[in-house]
Every structure is written in C-alpha cells, then in structure tokens.
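Thanks for coming, everyone. Please bring the sequence and the model up on your screens, and we will walk through them together.

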Amino acid sequence: MKSMTGFGRGEYLDQNLRFIAEIKAVNHRYNEIVVRMPKNLGALEDKIRRRVSNMLVRGRIDIFITMDQYGLKKHSVRVDKELAIAYHNAMRELASLFSSPMNDSVYHIAKYPDVLKVEEEEEDSSALWPKLCQAVDAAVANLMQMRLAEGSNIEKDLLARIDKLKLQVEAIERRAPQILDEYGARLLNRMRELLASVGTEPDESRLLQETALFADRTNFTEELVRLRSHLDQFWATLLTDEAIGRKLDFIVQEINRETNTIASKANDFSIANLVIEIKSEIEKVREQIQNIE
C-alpha cells in the first residue's frame, strides 16, 4: 500500500552540469502532474510527465526542476549589418554637416550599441534528457520510499479497524435472534393486557401471524451477509500490490449502505447503538483511504 503524500529529491551532477529534481505529492482524486522548470527545457516537459505518471498513478504531483551549468558555454557573435550601415551613414552625414573628415573605423562602429550581439548557444534539450532523467528517477524513488512507509502505517491502522468492524457485526448477529423473541414477548403481554378486561386469552394464531410479519419486516440477514462480504473484500484488497484507493472508497460506500439498511430494519435500540459505533469507524476508515494511492 502506498500513501499519496510525500516528497522526493534527486540530483544529477557532472563537471559541466547539475540537475536537481524535487517532487511533492499530495492527495488528489486523479493523477494531476504540474511541472515547473527553466524555459530552455520546455521541450522535455512531456517526457517528464510520462516518466512520472508511469510510476505515480494518483495524486497531485508538483515537479520542480533546476539546472546549473558550470563548464564553458558556447557563444556566438552576430553582426547587425543593417544597423552598422545605418551608423556609418549617420556618421558620414554628421561629417558632411560639420565639414569634418570621416575618422570612424570598423573598431569604432563595432562599439556602437547593438552592432555586435553575443548570443549563448543553447544545448540540444534531447541530449540533456538522459541526465535529467537520472535526477527525476532518483526523486521518484525517494518519494516512493516515503509513500510506502506512510502506506504501511495506514495499512496497519485499517486492518485494526476492519477487525473492530467485524466484532461489531458479530455483536449484531448475536443480537438479531433476541429481537424477535423480545417482540413476541412484548406483543403477548400487550394482548393479555387488552383482553384481560373481557377475560379472553390471546389468539395464538394471531400472535404467530403478527410475529411473522414483524420478523419479515425486520429481517436483515441478507444485509449482514453482504456486509461481511464487503469487509472480507476490503481486507483482501488491502493486501494487494496495486493502486487500491478508489476501490477501497467504493467498498466503504457499500459498507455504509448496508449498515444504514440494517439500522432502518432492526428497529432495536441495542443494534442502533452498534450501528453508531460502526458508522464512527467507517468515517475513520474513509478519512484514511483518502490518502491511499
């Protein structure tokens, strides 16, 4: 089991280049990946997304990439010919205006603003990918370790809560037969009280009929069977290695539905109290699984 929250950091370093990848993950219903990195690496964003989504299938994942270059960078010098000619013509016009000799040289023209422009040659981003990929993979690996550690703690907590829910279901099963017996006894006492004034004994067939109707209305055997099945399924799902967060969320919804049906059918104070305890545990389980991948 893996949690959806965590942090991981990875680094690539050689004599000319350093990449740092940091990944922060939090709860999210789907898989949302946001990448923040230098503009010159923009062509690699899709590769980063695919790489990370293959390993992290759910959560809000923020990826931060930084790049530092230490080696000699390649530069080129570009001449703005049109601007140089314009400067030259302007100087010639000024010389003519003041009747002064032209004394500008190539060196002087080159010093005029923007005649020469120094440009840094960008390295092909595809050549940088194998290096950046190492930093990203290291960050994901560290994040996964944190997710697994937190997931292990969540798994232990959920297994304990499922055991507790099973004990509460067993208590409901033990209580169920007593409900019918107590109802029959109350009904018989009530009928005797009503018929005491006329000296008539209760009609046994009518008593059995009313008890049977009550038993039919309050029968929640099917719900108990399904509830036990959902708890077993929840337990089995916890022990798988796949992403299980959404599946567990669905199973919890079904557990909650069966519990509500039992409460409405039972019409019994003791079972109502047990249902309250079950629903309290279900809410705690629901909160925990919101953080499972």
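One cut-off before we start: an angle over 145 degrees between two axes counts as roughly antiparallel. Also keep in mind that this is a predicted model.

Now apply that cut-off. Find helix α6, residues 221-238, and then helix α7. Their axes cross at roughly 160° and come within 9 Å. So α6 and α7 are roughly antiparallel to each other. What is the hand of the crossing where α6 passes α7? It is left-handed.

Who makes the contact? On the α6 side, look for Glu223, Leu224, Arg226 and Leu227, among others. Further along α6 come His230, Leu231 and Phe234, again among others. They meet a set of α7 residues including Leu248, Ile251, Val252, Ile255 and Ile262. Lys247, Glu254, Glu258 and Lys265 of α7 are also part of that set. By class, the contact of α6 with α7 has 10 nonpolar, five polar and six charged residues.

Next, stay on α7, residues 245-266, and move to helix α8, residues 269-289. Here the axes come within 10 Å and cross at roughly 170°. Therefore α7 and α8 are roughly antiparallel to each other. The crossing of α7 past α8 is left-handed. From α7, the contact residues include Leu248, Val252, Ile255, Asn256, Thr259 and Ala263. From α8, they include Ile271, Val275, Ile278, Ile282, Val285 and Ile289. How does this contact divide by class? There are 12 nonpolar residues, four polar and three charged.

Leu248, Val252 and Ile255 came up in both contacts. They are listed for α7 against α6, and for α7 against α8.

Let's turn to the sheet. It is open, with four strands in the order β1-β2-β4-β3, and the pairing is mixed. Which strands stand at the edges? They are β1, residues 6-13, and β3, residues 31-36. Each has a single partner strand, so one side of each is left without a neighbour in the sheet. On average, neighbouring strands are turned by 15° against each other, direction ignored.

Take the pairs one by one. β1 and β2, residues 17-26, are antiparallel and share eight bridges. A hairpin of three residues joins β1 to β2. To place yourself in that pair, find Arg9, which stands opposite Glu22 in β2.

β2 also pairs with β4, again in the antiparallel sense, over 10 bridges.

Last pair: β3 with β4, residues 59-69. These two run parallel, joined by six bridges.

How does the chain get from β3 to β4? It crosses through helix α1. That helix, residues 45-53, lies across β3 and β4 and runs at about 140° to β3. What is the hand of this β-α-β crossover? It is left-handed.

To recap: a mixed sheet of four strands, α6 roughly antiparallel to α7, and α7 roughly antiparallel to α8. Over to you for discussion.

How values were computed
Residues are numbered from 1 along each chain as its sequence is written. This is a predicted model: local features need pLDDT of at least 70, side-chain atom pairs count only at pLDDT 80 or more; totals for chains, interfaces and linings use all residues. Side-chain values use heavy atoms; hydrogens and water are left out. Two strands pair if DSSP finds at least two bridges between them. Axes are lines fitted to C-alpha atoms, for helices over the stretch in contact, and angles run from 0 to 180 degrees between N-to-C directions. Contact means heavy atoms within 4.5 Å. A crossover is right-handed if, with the strands pointing away from the viewer, the path from the first strand over the helix to the second runs clockwise. Angles under 35 degrees count as roughly parallel, over 145 as roughly antiparallel, 65 to 115 as roughly perpendicular and the rest as oblique. A crossing is left-handed if the near helix is turned anticlockwise from the far one by less than a right angle, and right-handed if clockwise. Ala, Val, Leu, Ile, Met, Phe, Trp, Tyr, Cys and Pro count as nonpolar, Asp, Glu, Lys and Arg as charged, and the others, Gly among them, as polar.
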